[in-house]
Each structure stands twice: as structure tokens, then as C-alpha cells.
Amino acid sequence: MRFELLHPADQLVMIMERIYGYGMTTTSGGNLSIRDDNGDVWITPAGVDKGSLTGQDIVRVTPDGTVLGKHKPSSELPFHQSIYKNRPDVKAVLHAHPPALVSFSIVRKIPDTRLIPNATLVCGPIGMAEYGLPGSEDLGAKIATVLQQGINTVLLENHGVVVVGEDLFRAFMAFETLDFCARLEIEANRIGTPVSLTPKDIELSKNKQHVMMNEFIPHSFSSEERLARKEMCELIHRAYDQQLFTSTQGTFSTRLNAQSFLITPYMIDRKYLETSEIVRIDNGLREAGKVPSRSVMLHKYIYDMHPHINAVLIAHPPNIMAFAVTKEQFDSRTIPESYIMLRNIRKLPFGSSFMQPASVAESFTKENPIVMMENDCIIVTGSTLLNAFDRLEVAEYSAKAIIASKSIGEIAIIDQEKITEIEEAFKL
């Protein structure tokens, strides 16, 4: 989908639906705007339910201040106008109150974007604006003061967050990534001490290159491949809606045969990913005109080494990732389902998934279907795409239960005698 070709009103509705739908703002909270090439500002209205917004509700404000539309513009219009006045490069402004980022604004701290790779690149430097009365010119001036430093993401003291960008989707990407970092840091602090990536680690990840692969032009698509593409997109959309990964990070792949597999493309919005955007890999060649995930060689090594594996998922759900960014160990011996589905989860050093993919691929066995990469992701394998997705869900839900358990009492793991009983009953 070409987001940039949508009308400004449609872009605003689409992004607000995502923000509201994922619990990142309330019915009356938050506002978005776009400045078009004519200098008109399109902005969400005041006093209209964010859960039922339509294109007809969007308000247009011309450069001379004329308001066009059936509603009043957001009460925060003054700071949007102040931003556009002081930052000619900015074409979109996003303001919302997601609980995790509000938590940081209340304690007046900035989330650590160095817990996972790429977050610092997506979010850039983050500033903090002094408290100002909502809807006031004073608040706009205080936000503008921070933005004039070249910063695009600003936490507002005791308020929320403002993110600006060259278009609305880029602003949303930074917003979504920062919110993920905030949630991850909160969960990590509940079980231990978060460990940040070093500047060397971040530079290492930043320089991670695309795999050079020759192209092939597919001349046919089997019924099996068509079905696999459809299933992939359906599960990717579900994974995104469950916040198991973000718009452009997270990779699914599924085996077609001994020489071929399908994999998600690089940097294409997972929310609206289409079957035609999935990339086929045949005998080490990539489908012409498409760029596969940069983890493509890791997937290939896994399929080459393990005939029993037919699907590989890479994701970073915040609860299981809390164990990846701390020294705490994840133990699946909590409930029978967790042990049956997850077995033993190994934790490997940061960077090894892209520096030593063959070595990481060797780590998977029937007893070890999941690998956790420090400060990066979890890699889940399965006999089918649905089986791997089920494991991903169980890992995240189990981690969430363990983190919650730590606040109410001592965790009692299933003892070895009962584990042996489970292994025999389920032929593990």
C-alpha cells in the first residue's frame, strides 16, 4: 500500500485508528496533523470520539487561519502551528498519551532506546519539554524550543509525547518504537536491571548489511505457495495487532520445499503487508524486484540444517524481551503448556544472529525450538507456521505471567519428577 498517496484526511484516520486501537490514547486524547504542499494543515477535530473517526471529521486550516470542516480543530492546534512555523522541514505532527510514555513523562525520564538495536536510529535523539498548559501558546513555544535543536521526538513533562516527521508514517514509526522501548524498560525493571547496548554494539548493528543475492523471475506460483503467502500475511497481521512486533521489524518465513522458502520483506509496514510483497527465495536467489529481510541467511541456514523445521519467526514481544535485556533467565517450567511448547530457551550473545548465522542455526534442536538473542529478539521455530506462531504467543504470555508473579510471591516451578511425567505423556 502506498501510504503517501492517500489523502491527508485518510492518512490521519488510518494512523489514529492504530493509535487508539492499540491503547496508545483515549477517546478524547491525542491529536494528529499533516501540512500539505499548499501549506494547509489537516488536523484531527476537538471533541470527536477517536474510536469512530472518519475522513469527514478531519478539519482543514488554511495558511491565513480559515477553518474548514464541520468540527472545531483540536485544542492543541496552536502547538502544531508553532511547530510548522519553526520547522519548515516538518510535514506531520503526532501527539498522544500512551501509558508507558506517560509514565516516563510523570517521572521526567527519557526511555532508553539502547536496549534493542535500531531503536536509536528510528527514534533519533529524544528531548524533554517543560510543562505547559495544554492547548496554550506557551506549550507550543516550549515544544518548539526543543524541536529547534533538530530533535524530532519530545516528551512533555506530565503530559505525553510529540513526534514530528517528514510524513505521518515516519512520525508514527518513531512514536511506536519509543513506546515499545518504554514498555520494555518498564517490564525489564520489574524482574531485574536492564542492560543497554554499548555504542560499539549499536554501531555494529547499524552497519549490518543486506545480503547480496542474485535475482530470479518467478514464472509460476503453485497453489501451495499462494496459500502459504495468504497464511503468512494473516498471521503477520495478527502478530502486529497483538503487539508482538512493530511496523517494520519482525520477520516470518515458511518453507515451501527443500530449496525454497517465503520470507517477509525489509522495511514494509507489517500492519498492511500484502501477499504480493512477500519474497520468495529459490536456491539462494531472491524474487526479482524485492528486498528480503536482512536475516534471510539465518533462515536459510536453519532450513538447510533442520529438515523438521518448516517455519521461522523473529520477533521482540516486550515481556519475553524483558529477559533478553536483563541477566534474568527465563524458565518455562511454570505450567505444562509452557514447557510442552517452549521446552528450553537458550540465550545467545548479541550480534551472533547476523555475525555468525550458521552457528546460531546449529543451536536449534527438537528440545530447543526457541533461541533468545541478548538485546535483540527471540527466534522461534516450528513444524508449521501456525505451530511457530503458537509458540511465540505462549512465550510472550508465559513471560507476562512470570513477570506478574514476581510481584505477588515466590515462583514455584514444576519439579523434575513432574517434568519427566509431562515428557513421557506428551512424547517430548
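Helices (H or I, at least four residues) and strands (E, at least two) are DSSP runs, numbered from the N terminus. This is a predicted model, in which local features need pLDDT of at least 70, side-chain atom pairs count only at pLDDT 80 or more, and totals for chains, interfaces and linings use all residues. Residues are numbered from 1 along each chain as its sequence is written, and side-chain values use heavy atoms, with hydrogens and water left out.

**Cavity and pocket**

- On a 1 Å grid over the protein atoms alone, a cavity is a set of points where a 1.4 Å probe fits but cannot get out, while a pocket is an open set with protein on both sides within 12 Å along at least five of seven lines; lining residues have an atom within 4 Å of a point.
- Grid points are joined across faces, edges and corners, and a volume is the space filled by probe spheres set on the points.
- The structure has one cavity of 30 Å³ or more, and the largest cavity holds about 60 Å³ of space.
- Y22, M24, E176, F180, R183, Y240, Q243, F245 and T246 line the largest cavity.
- Helix 6 supplies three residues, the largest share of that cavity's lining.
- The second largest pocket holds about 600 Å³ of space.
- Its lining has 26 residues, of which R2, F3, E4, D167 and F169 lie nearest the centre.
- Helix 1 (8-21), strand 1 and helix 6 (168-191) are the elements that give two or more residues to the lining of the second largest pocket.
- Helix 6 gives the most to this lining as well, with four residues.

**Salt bridges**

- The structure holds 23 salt bridges, each defined as a side-chain nitrogen of Lys or Arg within 4 Å of a carboxyl oxygen of Asp or Glu.
- In the pair R108 and E157, the closest N and O atoms are 3.4 Å apart.
- This pair links distant parts of the chain, 49 residues apart: R108 is in the loop between helix 3 (99-107) and helix 4 (119-123), and E157 is in the loop between strand 7 (153-156) and strand 8.
- On accessibility, buried means under 20% relative accessible area, exposed over 50%, and partly exposed in between (1.4 Å probe, protein chains only).
- R108 is partly exposed at 45%, whereas E157 is buried at 16%.
- D112 and R114 form a salt bridge with an N to O distance of 3.1 Å; D112 is buried at 13% and R114 is partly exposed at 40%.
- K142 and D138 form a salt bridge, also given as 3.1 Å, N to O.
- Both K142 and D138 lie in helix 5, four residues apart, about one turn of the helix.
- An α-helix has 3.6 residues a turn, so residues three or four places apart point the same way.
- K142 is partly exposed at 22%, and D138 is partly exposed at 39%.
- Elsewhere, salt bridges that share partners join E225, R229, R280, D282, E287 and K290 into one network.

**Buried residues**

- Helix 2 (residues 77-86) has L77, F79, H80, S82, I83 and Y84 as its buried residues.
- Their cover includes strand 1 (31-35), strand 2 (41-43), strand 3 (59-61), strand 5 (92-96), helix 5 (137-147) and strand 8 (160-165).
- L156 lies in strand 7 and is buried, with a relative accessible area of 0%.
- Leaving out residues up to four places away in sequence, L156 is in contact (heavy atoms within 4.5 Å) with H95, S105, M128, A129, I143, V161 and V162.

**Positive phi angles**

- Q243 is not a glycine but has a positive phi of about 60°.
- Q243 sits in the loop between helix 8 (223-241) and strand 10 (251-255) and is partly exposed at 23%.
- R343, also not a glycine, has a positive phi of about 55°.
- R343 sits in the loop between helix 11 (336-342) and strand 15 (345-348) and is buried at 8%.

**Surface patch**

- Y266, M267 and V291 make a nonpolar surface patch of about 250 Å².
- Patches are made of residues with over 30% relative accessible area and no salt bridge, with like charges joined within 9 Å and nonpolar side chains (Val, Leu, Ile, Met, Phe, Trp, Tyr) within 5 Å.
- Accessible areas come from the Shrake-Rupley method with a 1.4 Å probe, and for residues only the protein chains shown count as cover.
- M267 is in the loop between strand 11 (260-263) and strand 12 (279-282) and is partly exposed at 40%.
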